[in-house]
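Student: I'd like to learn how to read a protein model, one feature at a time. Can we go through one together?

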Amino acid sequence: MRHIAIIGSGPAGYYTAEAAQKAFGEDVRVDVFDCLPVPYGLIRSGVAPDHQSIKGVSRRYEKTALTENVRFVGNVTIGKDVTIPELQGLYDAVVLATGAPNDRPLDIPGDDLGNVFGSAAFVGWYNGHPQFADLNPDLSGNTAVVIGMGNVALDVARILSKTPQEFEGSDIVAHAREALADSAIERIVLLGRRGPHQIMMTPKELGELGQLERAVPYVDPDALPAEAEDAILEPGLRKSVTHLRSFADAYEKQKAAKAITVEFAFFAQPKALLGEKTVQAIEVERTQVISGKAVGTGEIRKIPASLVLSCIGYRTSPIPDVPFDERAGRFANDEGRILTGLYCVGWARRGPSGTIGTNRPDGFDVIDKIVEDTNAGRLGRANKQGRDGFDALAKTRALDIVTFRDWKRIEEAEEQAAREGAPREKFVEIEAMIKARD
Ligand code: NAP
């Protein structure tokens with residue numbers, strides 16, 4: 001019997017569990033740990049609440065979770081409740097699938113002002129992550145500046161733009177739905193430090209921005225390169241740029257009917273956030289793109305901002321005893337290997353990029369490495385205690401473990417609490433989740 005501990009129950013975690021079952025069959029026991037009492041990581045707390053079809057992938061993870069040799073161990077924080085060396089003593093392999101839950105810092109003067117948030121916090125707030133449920137962003141001003149031109153920036157701009165009716169069928173949490181219904185934001189500025197040809201937004205997601213009930217995207221036609229230059233772009237990016245062109249064309253016709261404008265500001269590098277206690281403006285420097293890089297021109301302008309949301313990427317949370325690559329913001333690893341018997345997968349291995357599906361081959365790849373290391377005798381003889389040993393340790397520490405069966409009870413309570421047409425109303429406090437289990 002081989003015992004594998006996977007830390008993190010998001011996409012990378014469950015694809016790795018699935019791969020372990022395929023590789024070792026009946027001869028493996030997999031424990032999937034999560035610090036929350038609820039599973040699925042990014043699927044629950046990161047994917048936008050109005051993208052329910054993407055969230056549907058959790059049904060696949062549930063299939064894996066319900067098999068005999070995989071179990072969910074929720075409400076346990078590895079590195080705090082139990083250390084990595086302790087887990088290594090109990091399991092043949094420990095795989096860190098902890099994602100990248102922290103914001104990459106903006107690191108400019110004024111980034112500590114009030115009403116300035118990173119996307120991890122803001123997305124966590126509208127998705128009901130317990131850590132951010134009390135974020136309480138002030139939406140009473142009229143201009144939100146969203147820094148970054150990736151899909152997270154798009155998610156954030158779209159969520160700020162939607163009417164309560166457009167959230168029907170979503171699982172946006174009540175506190176966010178109510179706050180957004182009262183929002184006074186009329187102008188959303190998407191700030192890109194490079195140009196239209198360097199956006200990271202994918203076409204399907206960008207297209208959604210042109211379909212909103214009360215918001216219209218604005219692209220200054222003069223900011224777009226000559227259309228012939230689109231020919232050199234790879235097909236996905238070319239489609240995205242085609243959306244930008246149609247936004248530029250449609251704006252004048254649509255603007256009168258829409259209360260909110262989502263404005264694309266290209267070639268604008270954030271330099272400082274200005275304000276007393278709370279942000280009031282952002283100072284940006286005009287850039288030129290030279291050899292793919294944003295280079296400042298020295299031309300500075302100010303954009304008023306009552307709310308600033310920085311959507312510039314994520315970092316993995318370090319865990320005590322695990323080598324960390326500070327510069328890259330993820331665990332120090334060689335193709336998924338960290339130390340003997342200690343591995344990482346998904347965003348914790350390669351950083352925050354790609355789709356949910358990218359994590360599947362990642363999961364299979366890390367299990368291939370574990371098989372290789374097992375066969376080469378690098379993981380020692382198969383005599384670790386695995387879950388029995390963990391359960392004994394958990395008992396001595398009085399850990400209150402949440403099982404998958406417990407989660408199903410929590411899920412049922414969330415489904416029962418759903419407003420009409422919505423799939424669920426999430427609990428946003430750990431205590432409430434635990435109470436629903438009991
Ligand atoms: P991303 O795609 O890497 O985009 C980050 C953006 O932030 C880029 O435009 C980047 O500009 C900009 N940026 C980085 N550092 C900056 C700085 N210091 N100042 C100003 N701008 C800066 O990251 P993401 O949007 O967080 O998305 C993460 C991953 O999740 C991506 O793979 C994304 O596709 C995926 N995702 C998918 C969906 C979906 O619906 N399909 C939804 C959300 C996320 P540069 O390009 O100039 O560096």
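Student: Let's start with contacts. Leaving aside its neighbours within four places in sequence, which residues is R330 in contact with?

Tutor: One thing before that: this is a predicted model. For contacts, the general idea is that heavy atoms have to lie within 4.5 Å. Here, once neighbours within four places in sequence are left aside, R330 is in contact with T316, F324, D325, W347, A348, R349, R350 and G351.

Student: Where does R330 lie?

Tutor: In strand β17, which covers residues 330-331. The side chain of R330 also reaches the backbone oxygen of R350, at 3.4 Å. For a sense of distance, take K80: R330 and K80 are 250 residues apart in sequence, and 19 Å separates them in space, C-alpha to C-alpha.

Student: Is R330 buried, exposed or partly exposed?

Tutor: Look at the relative accessible area: under 20% is buried, over 50% is exposed, and partly exposed is in between. R330 has 25%, so it goes down as partly exposed.

Student: Let me try that on another residue. Is D92 buried or exposed?

Tutor: D92 has a relative accessible area of 5%, so it counts as buried. You'll find D92 in the loop between α5 (84-90) and β4 (93-96).

Student: What does the side chain of D92 make a polar contact with?

Tutor: For a polar contact, look for a pair of N or O atoms within 3.5 Å. The side chain of D92 makes one with the side chain of R2, at 3.2 Å. The D92 side chain also reaches the backbone nitrogen of H3, at 2.7 Å. If you skip residues up to four places away in sequence, D92 touches M1, R2, H3, G341, L379, R381, A382 and K384.

Student: And R437, where is that found?

Tutor: R437 is in helix α15, residues 430-437. With a relative accessible area of 10%, R437 is buried. A polar contact of 2.7 Å joins its side chain to that of D438. Setting aside neighbours within four places in sequence, R437 has contacts with D400, I401, V402, D406, R409 and I410.

Student: Now the backbone. Which residue has a positive phi of about 65° although it is not a glycine?

Tutor: That's N115. N115 sits in the loop between β5 (102-103) and β6 (116-118), and its relative accessibility of 9% makes it buried. Another case is S291, which isn't a glycine either and has a positive phi near 50°.

Student: Where does S291 lie?

Tutor: In the loop between β12 (279-290) and β13 (293-304). S291 is exposed, with a relative accessible area of 77%.

Student: Let's zoom out. What domains does the domain assignment of the protein give?

Tutor: When you read domain bounds, check whether a domain is listed as one stretch of sequence or as several. The assignment gives domain 1 as 2-101 + 316-437 and domain 2 as 102-313. Their C-alpha centres lie 32 Å apart. The contact between them takes 26 residues from domain 1 and 27 residues from domain 2.

Student: There's a ligand too. How many residues surround the ligand?

Tutor: Start with the list of neighbours, then look at individual atom pairs. There are 22 residues around the ligand, and the closest are M149, N151, R193, R194 and G354. A polar backbone atom of M149 is 2.9 Å from an oxygen atom of the ligand. N151 has a polar side-chain atom 2.9 Å from a ligand oxygen. For E205, a polar side-chain atom lies 3.3 Å from a nitrogen atom of the ligand.

Student: How much of the ligand does the protein bury?

Tutor: Taken alone, the ligand exposes 920 Å², and the protein buries 80% of that.

Student: Which elements give two or more residues to the shell around the ligand?

Tutor: Those are α7 (151-161) and β11 (268-275). The largest share, 3 residues, comes from α7. By residue type, the shell divides into 10 nonpolar, 8 polar and 4 charged. Going back to the domains, the shell draws at least three residues from each of domain 1 and domain 2.

Methods: Residues are numbered from 1 along each chain as its sequence is written. This is a predicted model: local features need pLDDT of at least 70, side-chain atom pairs count only at pLDDT 80 or more; totals for chains, interfaces and linings use all residues. Side-chain values use heavy atoms; hydrogens and water are left out. A residue is near a molecule or strand if one of its heavy atoms lies within 4 Å of it. A polar contact is a pair of N or O atoms within 3.5 Å; within protein, one must be able to donate a hydrogen and the other to accept it, and residues adjacent in sequence count only if both atoms are side-chain atoms. Accessible areas come from the Shrake-Rupley method with a 1.4 Å probe; for residues, only the protein chains shown count as cover. Helices (H or I, at least four residues) and strands (E, at least two) are DSSP runs, numbered from the N terminus. Ala, Val, Leu, Ile, Met, Phe, Trp, Tyr, Cys and Pro count as nonpolar, Asp, Glu, Lys and Arg as charged, and the others, Gly among them, as polar. Domain bounds come from an automatic or database domain assignment. Buried means under 20% relative accessible area, exposed over 50%, partly exposed in between (1.4 Å probe, protein chains only).
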